[in-house]
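Let's take a walk through this protein together.

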Amino acid sequence: MTTATSAFDVARIREDFPVLQQMVNGKPLVYLDNAATSQKPQSVIDTLVHYYTSDNSNVHRGVHTLSQRATEDYDAARSTARQFLNAASDQEIIFVKGTTDGINLVAHSYGRQHLGPGDEIIISTMEHHSNIIPWQVLCQEKGAHLRVIPINDAGELLIDEYERLLTPRTKLVSITHVSNVLGTINPIEQIVEMAHSRGVPVLVDGAQAAPHMAVDVQKLGCDFYVFSGHKVCGPTGIGVLYGKSDLLEAMPPYQLGSEMIKSVTFERTIYNDLPYKFEPGTPHIAGAIGLGAAISYISDIGMDRIFAYESELLRYGTERLSAIGGLTLIGTAAKKGSVLSFVMDGVHPHDIGTILDAEGIAIRTGHHCAQPLMDRFGVPATARASLAFYNTKEEIDVLVKGIDRVIEVFS
Ligand code: 7TS
């Protein structure tokens, strides 16, 4: 039995990730681009291979044995995702392509149904484009308006400003749990409480939270929660949209065809029950089953232990990077996930990334699909090292050495 404080055997964990055991440009790979996508443990790879080797079949359509096996595993993955989020029922778990797809589903279905001229949707300055554009376009279509919660220089939401933005015109709040650039962990319970006291539902973009901390949608109280499989050690092309069942029941389907129906005549169609109403067409069966394996893997390690370990890595990384002259950290919130975004005097982030790559270090550089946030900080781009539970302090030391090399090249 593991607890949040029991020793975290990172060397043992790293053995589960074959991709980490390689040299890149003659140096041991140091993978610090986890906010873009996470690496996959052998158990997830094996699950995918097993599915395609032994069980490959379509779900819900066949009486035959393979179809039954595939269906059982697909349904089991949904239950695993339900437990992971502590949702009340499997019906509240919709398999989608990922976070972007999940937000688009809510915008097209709930948004189109509920938004009218003059209405408002609240987002924040630190949103990923995936949590901006669907609402922007919906507002344009409906004659509604997007309102944006400002942030302070540390990258924290200004809650008083949020309070002011909540008005009788507000129809939805859509906010990230954790910023992919700043690492800021937003006070979701408080945000939800303030919205709900005015009857406003809340969607939470959990893309950068679900991989790093325990998420309990009932405790958070949010109405929708979305995350991507590929960021929680699962496959690409699969993700989860959680929605409260009464909201999902009342929403029209987003896409139409096959599994989302009960019966069809040329005159009319009766839609299927939840969650199938929102899963038209043959789903990403292998992806969902692989996601189930990924959630089991990280849950076995323990989300609280992952959070505690990564917090210590973040503390160490912050201390080391802060000590480097000419380097400025972007995102210094008191409550922060394991993201280190930075800029360096006289060096373009792209050059930082290129020099680090030559040292075997993978980071991301650019605007991170958060251009309005870049504008807020007055930078065109940042370099970003994003940490996962399989990273080590030694790897942060390698990063610091790599940054020393960048300084050398540009001095
Ligand atoms: N929301 C947040 C907060 C994200 O960080 C991302 C992806 C998305 C939504 C979109 O997720 P997707 O799985 O649908 O693509 N963020 C990043 C990133 O920071 N670097 O690459 C992808």
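Which helices and strands do the buried residues of H7 pack against? Keep in mind that this is a predicted model, in which local features need pLDDT of at least 70 and side-chain atom pairs count only at pLDDT 80 or more, while totals for chains, interfaces and linings use all residues. Residues are numbered from 1 along each chain as its sequence is written, and side-chain values use heavy atoms, with hydrogens and water left out.

Helix H7 spans residues 188–196, and its buried residues are Ile188, Ile191, Val192, Met194 and Ala195 (buried means under 20% relative accessible area, with a 1.4 Å probe and protein chains only; helices are DSSP runs of H or I with at least four residues, strands runs of E with at least two, numbered from the N terminus). Down the axis of H7 these residues fall within an arc of 165°, so they line one face of the helix (the arc is that of the directions from the helix axis to the C-beta atoms). Their packing partners are helices H6 (159–165) and H8 (217–220), together with strands E7 (170–176) and E8 (202–205).

Now to the ligand, which 16 residues surround (a heavy atom within 4 Å). Among the closest are Asp205 and Arg384. A polar side-chain atom of Asp205 lies 2.5 Å from a ligand nitrogen atom, and one of Arg384 lies 2.6 Å from a ligand oxygen atom. For His230, a polar side-chain atom lies 2.7 Å from an oxygen atom of the ligand.

Definitions and conventions. Buried means under 20% relative accessible area, exposed over 50%, partly exposed in between (1.4 Å probe, protein chains only). Contact means heavy atoms within 4.5 Å. A polar contact is a pair of N or O atoms within 3.5 Å; within protein, one must be able to donate a hydrogen and the other to accept it, and residues adjacent in sequence count only if both atoms are side-chain atoms.
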